[in-house]
Amino acid sequence: MPPSAPSPLSIAPLQAPSLRRRMACWLYESLLLFGVVFVGGLVLGSAGVLFGHPLSPKALQALLFVVLGIYFAWFWSKGQTLAMKTWHIRVVDQQGRPLTRVRALARYALCWLWLLPPLALLAPFHLPWAEVAVLTTGWVAVWALLSRFHPQRQFWHDVLAGTRLVAEPAALTPPRPQS
């Protein structure tokens, strides 16, 4: 049996993209998610009105949580979301293989560590939205900077999920000199 050709990820080292690139991808992803949440909310809200039982805000939030989970699990099991393709970042397991849907869902659940701690302060302290925004931004910055302490520069939710972000080989090649 002839040996199979190595995959592009097995040829190039599994190097983490820079923190700057990962955060730029994260911001771009948030812009794309605005569209996903808008369309999902429109469809779910319209369906509730159409059937005579409008959804409560909590039910709509829960359903949008599921919609986002499906979005991320689908794209991460394929290797990349649109934002990750743009920034030449791929998500793989610890051995460099594509994620299973179960591992992608686990990563999705653990990704909420980016937002849950500051959002947990909403109910007991009745903070205004401006203060929550400042706390959330600060927490995201701390969470992102904590990746500097990991030997492979991975985010801690990726470590917990058994996944890692890697730079795609095309992004590792130096730019051509202009003539």
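# The core, the paired strands and the salt bridges

Colleague: Which residues have the most contacts inside the largest nonpolar core?
Modeller: The largest nonpolar core has 23 residues. Such a core is a set of buried Ala, Val, Leu, Ile, Met, Phe, Trp, Tyr and Cys residues joined through side-chain atoms within 4.5 Å, where buried means under 20% relative accessible area, exposed over 50% and partly exposed in between (1.4 Å probe, protein chains only). The residues with the most contacts inside this core are Met23, Trp76, Met84, Trp114 and Phe155.

Colleague: What pLDDT do local features need in this predicted model?
Modeller: Residues are numbered from 1 along each chain as its sequence is written, and side-chain values use heavy atoms, with hydrogens and water left out. This is a predicted model, in which totals for chains, interfaces and linings use all residues, side-chain atom pairs count only at pLDDT 80 or more, and local features need pLDDT of at least 70.

Colleague: From which element does the largest share of this core come?
Modeller: Returning to the largest nonpolar core, with its 23 residues, at least two residues each are supplied by helix H2 (19–50), helix H3 (57–78), helix H4 (82–86), S1, H5 and H8. Helices (H or I, at least four residues) and strands (E, at least two) are DSSP runs, numbered from the N terminus. The largest share, five residues, comes from H3.

Colleague: Which residues does Trp76 touch beyond four places in sequence?
Modeller: Trp76 is among the residues with the most contacts inside the core. Contact means heavy atoms within 4.5 Å. Leaving out residues up to four places away in sequence, Trp76 touches Thr81, Met84, Val91, Leu99, Ala104, Arg107, Tyr108 and Cys111.

Colleague: How wide an arc do the buried residues of H5 cover around the axis?
Modeller: In H5, the buried residues are Ala104, Arg107, Tyr108 and Cys111. They lie on the same side of H5, because the arc that they cover around the axis (taken from the directions from the helix axis to the C-beta atoms) is only 105 degrees.

Colleague: Which elements are included in what covers the buried residues of H5?
Modeller: An α-helix has 3.6 residues a turn, so residues three or four places apart point the same way. The buried residues of H5 have a cover that includes H3, S1, H9 and S2.

Colleague: Over how many bridges do S1 and S2 pair?
Modeller: Four of the five residues of strand S1 (residues 89–93) are buried, so S1 is largely enclosed by the rest of the structure. Two strands pair if DSSP finds at least two bridges between them. Val91 stands opposite Leu165 in S2, and Asp93 stands opposite Thr163. S1 and strand S2 (residues 163–167) are antiparallel, and the number of bridges is five.

Colleague: Which residues of S2 are buried on each side?
Modeller: Strand S2 is largely enclosed by the rest of the structure, because five of its five residues are buried. Both faces are covered, with Arg164 and Val166 on one side and, on the other, Thr163, Leu165 and Ala167.

Colleague: How many salt bridges does a search of the whole structure find?
Modeller: A salt bridge is a side-chain nitrogen of Lys or Arg within 4 Å of a carboxyl oxygen of Asp or Glu. One of these joins Arg97 and Asp93, with the closest N and O atoms 3.1 Å apart; Arg97 is partly exposed at 47% relative accessibility, whereas Asp93 is buried at 6%. The search of the whole structure finds three.

Colleague: How far apart in sequence are the parts that Glu168 and Arg90 tie together?
Modeller: Glu168 forms a salt bridge with Arg90, and the closest N and O atoms are 3.1 Å apart. Because Glu168 lies in the loop between S2 and helix H10 (169–172) and Arg90 in strand S1, the parts tied together are separated in sequence by 78 residues.

Colleague: Which residue forms a salt bridge with Asp158?
Modeller: Asp158 lies in helix H9 (residues 156–161) and is buried, with a relative accessible area of 0%. Leaving aside neighbours within four places in sequence, Asp158 is in contact with Gln94, Arg107, Thr163, Arg164 and Leu165. At 2.5 Å between the closest N and O atoms, the salt-bridge partner of Asp158 is Arg107.

Colleague: With the side chain of which residue does the side chain of Asp158 make a polar contact?
Modeller: A polar contact is a pair of N or O atoms within 3.5 Å; within protein, one must be able to donate a hydrogen and the other to accept it, and residues adjacent in sequence count only if both atoms are side-chain atoms. At 2.6 Å, the side chain of Asp158 makes this contact with that of Thr163.
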